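Subject: Structure for your reading

Dear colleague,

Please find below the structure that I promised to hand over.

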Amino acid sequence: MQSNILEMLNLLSNLKISVPDKIYIKDPESSDLGKRIIEHSILLIDDIGFDSFTFKKLGARIGSNESSIYRYFESKHKLLLYLTSWYWAWIEYQMVFATYNIPDSKEQLLRAIEVLTKTVEQDQAFSHINEVVLNRIIINEYSKSFLTKEVDTENKEGYFEVYKRLVKRLSEIIAKVNDAYNYPSSLASTIVEGALHQHFLKAHFTSITDCDNDVTPTDFFKDLTLTLLKTATNGK
């Protein structure tokens, strides 16, 4: 028992909430100003939307020159990439914690789906980041981080490595439940992306989703995933 706890602590200590360093010019976690930039950019984007967000408006909110923000990020697009990468790294951390040392692969998968699809609660470990607000930004604005002409170049630069690693972790768990299922990566990415979409529909287009106050996106994706994996045989 003690050895399992030590092993888990060692695993989690090596899994840090880190963002690819090419996204930023100066690590915002390295200074008080950088942390204020992250804290208030989340609040401001949530307040006015990413399209209306500017470094000038952010500078006015934090009482700093616009130029000081450019010392951390070369553009608001890079700032959004930072926020989305941080969010996925935080979700990955939770998923690893929730699924570690669970021998039953089905139970491991269900716990992973819970982490990826549940309503987010604030994590007191990061006082300068409101994860509940950040989650709303991910739901509403995440696609703007990759639906660009530069996506292939940025992908080669490793800007999306955290997100892709999270999907890969989930696909590996799916494959353990039923290795006869031919599409574990497609299913994994569908769960991750689909959870955001169902939360969006629940908030804005209630007539085209079954998710409501009684049925959660977690309920839907657990049912969808288990049904697919139960029926997949691939001739085996």
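In helix α9, the residues V162, Y163, L166, V167, L170, S171, I173 and I174 are buried, where buried means under 20% relative accessible area, exposed over 50% and partly exposed in between (1.4 Å probe, protein chains only). Helices (H or I, at least four residues) and strands (E, at least two) are DSSP runs, numbered from the N terminus. An α-helix has 3.6 residues a turn, so residues three or four places apart point the same way. The cover over the buried residues of α9 includes α5, α6 (105–117), α10 (184–204) and α11 (217–231), with contact meaning heavy atoms within 4.5 Å. Helix α9 covers residues 161–177, and its 17 residues should span 24 Å at 1.5 Å a residue; the end C-alpha atoms are 25 Å apart, which agrees. The expected span is 1.5 Å times one less than the number of residues.

The model is predicted: local features need pLDDT of at least 70, side-chain atom pairs count only at pLDDT 80 or more, and totals for chains, interfaces and linings use all residues. Residues are numbered from 1 along each chain as its sequence is written, and side-chain values use heavy atoms, with hydrogens and water left out.

One of the helices covering α9 is α11, and T225 lies in α11. T225 has a relative accessible area of 0% and is therefore buried. Apart from neighbours within four places in sequence, T225 touches L109, I113, L187 and I191.

Two helix pairs deserve attention. Helix α5 (residues 76–99) packs against helix α7 (residues 131–141) at an angle of about 115°, with the axes 10 Å apart. Axes are lines fitted to C-alpha atoms, for helices over the stretch in contact, and angles run from 0 to 180 degrees between N-to-C directions. The two helices are therefore roughly perpendicular to each other (under 35 degrees counts as roughly parallel, over 145 as roughly antiparallel, 65 to 115 as roughly perpendicular and the rest as oblique). The contact is formed by L80, L83, T84, W86, Y87, W88 and W90 of α5 together with E131, L134, N135, I137, I138 and E141 of α7. These residues divide into nine nonpolar, two polar and two charged. Ala, Val, Leu, Ile, Met, Phe, Trp, Tyr, Cys and Pro count as nonpolar, Asp, Glu, Lys and Arg as charged, and the others, Gly among them, as polar.

In the second pair, α2 and helix α3 (residues 55–62) pack at an angle of about 115°, with their axes 9 Å apart. On the α2 side the contact involves L33, R36, I37, H40, S41, L43, L44, D47 and I48, and on the α3 side K57, L58, R61 and I62. By class, this contact has seven nonpolar, two polar and four charged residues.

Two lysines come next. K22 sits in the loop between α1 (2–14) and α2 (32–48), and at 48% relative accessibility K22 counts as partly exposed. K78, in helix α5, counts as buried at 8%. Leaving aside neighbours within four places in sequence, K22 is in contact with K78, E157 and Y159, while K78 is in contact with K22, I23, F73 and Y159. K22 and G158 are 136 residues apart in sequence, yet 8.0 Å apart in space, C-alpha to C-alpha.

Finally, most residues other than glycine have a negative phi. N101, in the loop between α5 and α6, has a positive phi of about 65° although it is not a glycine.

Yours sincerely
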